[in-house]
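Q: Please take a close look at a single part of this model. Then place it among some other parts of the chain.

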Amino acid sequence: MIRDTLGEDAIIVATREENGGKAVRVTAAVDQPFGSSASPAFEIGRSTSHASERSYASSDSSSSSGSDNWLQYDDEHDTGENTVSEDLTDILLAHSAPEDVTDQILSCALVVGYRDSKTALQDTLDHLFQYRPLLTGKAAPKPIILVGPPGVGKTLMVAKLAARCVMNGVRVGVITTDTMRAGGVEQLAAFTKILKIDLRRVTSPAELTMTIRDMSGMDYVFIDTAGTLPYDQDDMKDLARLLTAADMDPVLALPAGMDASEAGEIARIFAAVGARRLIPTRLDVGRRLGGLLAAAHQG
């Protein structure tokens, strides 16, 4: 019914039961390019509201009201709840958030009944996702190994984390397994030299095991890895073997601005080899963050 009315590009962004399950409220929208002056929410008929909602009620075959009574217009768009729903829909569409994440956020916000869009978005994200900093001020129980596709910024992230540890007076060790890429070791070595940290290079899982054992006195140990092609089985098998070298905390690095479907698929693949946390990179140049939500949700 939504597609018949709005076209094939329409998406359902929220559904909820009403009247004790006798009706279902469906909120739909048509995506617009980021930065477009047109509203990404839709309008139906002569409605002048910012967005429109329809209630699809279960029809009674014996009813005399006619077969078209599945369609009921809801004109209560001036309430605070609907305003928040419309604002959140606009924001999530602009960030190219996937439909399942958008639906979850809107459903959570509607259940609580927020009146402020900013608070609604912040609280629902806090409720749906866990935010745990890598640096807690205490010694990490396991070495932290950054994994991810090529070119996502793992090496620079390791350098930044190590720099913060040095600035806070925390003992830190850095290991790199990225010994095949041209300039990979040299890039990280340039940072560790300034920080006066010994950079250890390893070329095999067995060597990684011994090196981690040698660094057992460090508060933090960060491990940089070569970029892994998520759709290459041999590449993923090599990473899986590396991750079994010791008891480590694999953290997936992904850049902001990624396509949501692609980010979600990549997150699921790396989750299969043990990644349980995601650290975003390139937040300074990424305008759309829906891909990061998709990765966190699907991974």
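A: Start with α9 and α10, which run roughly parallel to each other. Angles under 35 degrees count as roughly parallel, over 145 as roughly antiparallel, 65 to 115 as roughly perpendicular, and the rest as oblique. This is a predicted model, so local features need pLDDT of at least 70 and side-chain atom pairs count only at pLDDT 80 or more, while totals for chains, interfaces and linings use all residues. Residues are numbered from 1 along each chain as its sequence is written, and side-chain values use heavy atoms, with hydrogens and water left out.

Helix α9 covers residues 260-271 and helix α10 residues 290-298. The two pack at an angle of about 30°, their axes 7 Å apart. Axes are lines fitted to C-alpha atoms, for helices over the stretch in contact, and angles run from 0 to 180 degrees between N-to-C directions. The crossing of α9 past α10 is right-handed. A crossing is right-handed if the near helix is turned clockwise from the far one by less than a right angle, and left-handed if anticlockwise.

Now the residues. On the α9 side, A260, A263, G264, E265, A267 and R268 take part; they meet G290, G291, A294, A295 and Q298 of α10. By class, that contact has five nonpolar, four polar and two charged residues. Ala, Val, Leu, Ile, Met, Phe, Trp, Tyr, Cys and Pro count as nonpolar; Asp, Glu, Lys and Arg as charged; the others, Gly among them, as polar. Contact means heavy atoms within 4.5 Å.

R282 is not a glycine, yet its phi is positive, about 55°. Most residues other than glycine have a negative phi. R282 is partly exposed, at a relative accessible area of 44%. Buried means under 20% relative accessible area, exposed over 50%, and partly exposed in between (1.4 Å probe, protein chains only).

Helix α3 (residues 99-112) and helix α4 (residues 117-128) pack at about 110°, with axes 9 Å apart. α3 and α4 are therefore roughly perpendicular. Their crossing is right-handed. Q104, I105, C108 and A109 of α3 meet A120, L121, T124, L125, H127 and L128 of α4. This contact splits into seven nonpolar, three polar and no charged residues.

S96 sits in the loop between α2 (80-94) and α3. S96 has a positive phi of about 55° and is not a glycine. S96 is partly exposed, at 37% relative accessible area.

Next, the loop between β8 (220-224) and α8 (233-243), which holds T225. T225 is buried, at 2% relative accessibility. A polar atom of the T225 side chain lies 2.6 Å from the backbone oxygen of L146. Beyond four places in sequence, T225 is in contact with I145, L146, V147, K154, T177, D178 and L242. L229 is found in the loop between β8 and α8. L229 is partly exposed, at 41%. Beyond four places in sequence, L229 is in contact with P150, D235 and M236.

Last, the whole protein. It has ten helices and ten strands. Helices (H or I, at least four residues) and strands (E, at least two) are DSSP runs, numbered from the N terminus. Of the 299 residues, 42% are buried.

Methods:
A polar contact is a pair of N or O atoms within 3.5 Å; within protein, one must be able to donate a hydrogen and the other to accept it, and residues adjacent in sequence count only if both atoms are side-chain atoms.
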